[in-house]
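Thanks for coming, everyone. Please take a look at the structure on the screen.

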Number of protein chains: 2
Amino acid sequence: MERVESYASFGGTQEVWKHRSEVLDCEMKFAVYLPPAAAEGPCPVLYWLSGLTCTEQNFITKAGAQRYAAEEGVIIVAPDTSPRGEDVADAEGYDLGKGAGFYVNATREPWAAHYQMHDYVVDELPALIEANFPVSEKRAIFGHSMGGHGALVLALRNPGRYASVSAFSPIVAPTQVPWGEKALGAYLGDDREAWKAWDATELVATATERLPLLIDQGDSDQFLAEQLQPERLVGACEEVGHPIELRMQPGYDHSYYFIASFIGDHIRHHARALKG
Amino acid sequence: MERVESYASFGGTQEVWKHRSEVLDCEMKFAVYLPPAAAEGPCPVLYWLSGLTCTEQNFITKAGAQRYAAEEGVIIVAPDTSPRGEDVADAEGYDLGKGAGFYVNATREPWAAHYQMHDYVVDELPALIEANFPVSEKRAIFGHSMGGHGALVLALRNPGRYASVSAFSPIVAPTQVPWGEKALGAYLGDDREAWKAWDATELVATATERLPLLIDQGDSDQFLAEQLQPERLVGACEEVGHPIELRMQPGYDHSYYFIASFIGDHIRHHARALKG
């Protein structure tokens, strides 16, 4: 593991590291923000999952999260959005392949050889973080768009693993929208039954843990009607009594200007759960 | 004048506009953040001048300024760093020509035809802003690196024009450091006496207005020793009793992570002067 970037930020340090991932069979980068409190003792870790086309850089340069993480004493880890490197399969278009891992474990070639992002984010990366940084055993997870889908699915698939979960403009029903149908079809094959294990709206129906879902969604988001459709998840939650708060934010779009406007709310939400 | 970008941000709007500049004889873009208070009445305007290589985009995506501008009810205008377009002179290297206007009025060709950034930032752009946005008559100015130099020089050259001025990691003595010698030599010619009218350290000696100078400087800034040398300005201020506060920030570098960490302090500083 090698540190490739380091910047003083709000009294703490914003770092970027690279390492060899066994699960993904390639070299990966991740970002980690260490708040001032990390110099004095273990801090809980909040994982951020980014959306389509992003690397570990977008969140750390544009979200303005460091201020709130410093105030709350929370470490934030932001992985890349897919395996990387010349020998990793890719596709035309921004919504499949590199930059578009969808946080699933692919079962179909050419993807299965490297695209195991669920296991990377849930197991391998936390083990690496917990072995190398001053962290407590508490974890939470949030993300944006494809990464909001990732946060919801990873939390729902792994009860007890995360103290809290939230999402900005998430894909909530990938089995039923174009982005998800394309990605799940490629990574998992044609059997739509197999897709359901990666769909938050399907997963809440059988969730054994009632972890509250917090979602912020801009009502001027250009992807709202075709790709996001958060009302599907709200409906599924209402059917089984799963707690959810969907906050429709008037005038906001799908950009990091939206994320930055509400990232403080989310970090405080997670900090309460992580410290509770 | 045409609006080319618009995003909801912290209850207000982050916009980007393009217009034809007469002073620069080219098409220019500028960014303007309108806080929620601008919907209710005139707000004062804080001008941000960016550093080498930047456009109007760097500040609005990376500085995290919108939150504080929203809290304080201040409009922030961020112009580009040079004239733009195919018929505008340019040079090899990042530190001369496009992206490197140094906020001077060039007197030597091929630069003089377009590079009149002082007059653009001090006169033409504020007139445009004041004619088209809900602004009060109060103005303040700040900037980073080359833009920190710009903020200091424009405030010192135009007494009464700005209620306050501040800078992050500014070039304070361009007549005596490599970046400045290259730019002033190109834009103004070989007569070093003419350069002094664009050097903050020279200008404080004869300043008729005692506008306090606030400067934040990272002590791990890779350009500190060769290009920035803020102690030159502190020394010049001490000789004539000009108020200055230089805050050396331990561990911080020249990046937007540094700017973001202290932008709130600066915006609050300007808000006090603008509302006073």
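**A helix from one chain on the sheet of the other**

Start with helix H10 of chain A, residues 256-275. Helix H10 of chain A lies across E1 and strand E2 (12-21) of chain B, at about 30° to E1(B). Some terms, quickly. Helices (H or I, at least four residues) and strands (E, at least two) are DSSP runs, numbered from the N terminus. Contact means heavy atoms within 4.5 Å. Axes are lines fitted to C-alpha atoms, for helices over the stretch in contact, and angles run from 0 to 180 degrees between N-to-C directions.

Now some ground rules. This is a predicted model: local features need pLDDT of at least 70, side-chain atom pairs count only at pLDDT 80 or more, and totals for chains, interfaces and linings use all residues. Residues are numbered from 1 along each chain as its sequence is written, chains are lettered from A and ligands numbered from 1 in the order in which they are written, and side-chain values use heavy atoms, with hydrogens and water left out.

How confident is the predictor? The complex gets an ipTM of 0.95 and a pTM of 0.97. For chain A the mean pLDDT, the predictor's confidence in each residue from 0 to 100, is 98. In chain A, 100% of residues reach 70 or more.

Step back to A:Asp253. A:Asp253 sits in the loop between E9 and H10 of chain A. Is A:Asp253 buried or exposed? At 13% relative accessibility, A:Asp253 counts as buried. The cut-offs are under 20% relative accessible area for buried, over 50% for exposed, and partly exposed in between, with a 1.4 Å probe and protein chains only.

What is A:Asp253 in contact with, beyond its neighbours within four places in sequence? In chain A, the list is A:Ser220, A:Asp221, A:Gln222 and A:Phe258. From chain B come B:Ser6 and B:Tyr7. Take A:Ser220: it is 33 residues from A:Asp253 in sequence, yet 4.9 Å away in space, C-alpha to C-alpha.

**The sheets**

Chain A has 10 helices and 9 strands. An open sheet of 9 strands runs E1-E2-E3-E5-E4-E6-E7-E8-E9 in chain A, with mixed pairing. Two strands pair if DSSP finds at least two bridges between them. At the edges of the chain A sheet stand E1 (2-9) and E9 (244-249). Each has a single partner strand, so one side of each is left without a neighbour in the sheet. The twist averages 20° from one strand to the next.

Look inside the chain A sheet. Strands E3 (26-34) and E5 (75-79) of chain A run antiparallel, joined by 4 bridges. There, A:Val32 stands opposite A:Val77. Helix H3 of chain A, residues 117-132, lies across E2, E3, E4, E5 and E6 of chain A, at about 140° to E4(A).

Over to chain B. Its open sheet has 9 strands in the order E1-E2-E3-E5-E4-E6-E7-E8-E9, again with mixed pairing. One pair there is parallel: E4 (43-49) and E6 (135-144) of chain B, over 6 bridges. B:Cys43 stands opposite B:Val135 in that pair.

**Chain A as a whole**

Last topic. The C-alpha trace of chain A spans about 50 × 40 × 35 Å along its principal axes. Buried residues make up 63% of its 276 residues. Among contacts in chain A with a separation of 6 or more, 71% join residues 24 or more positions apart.
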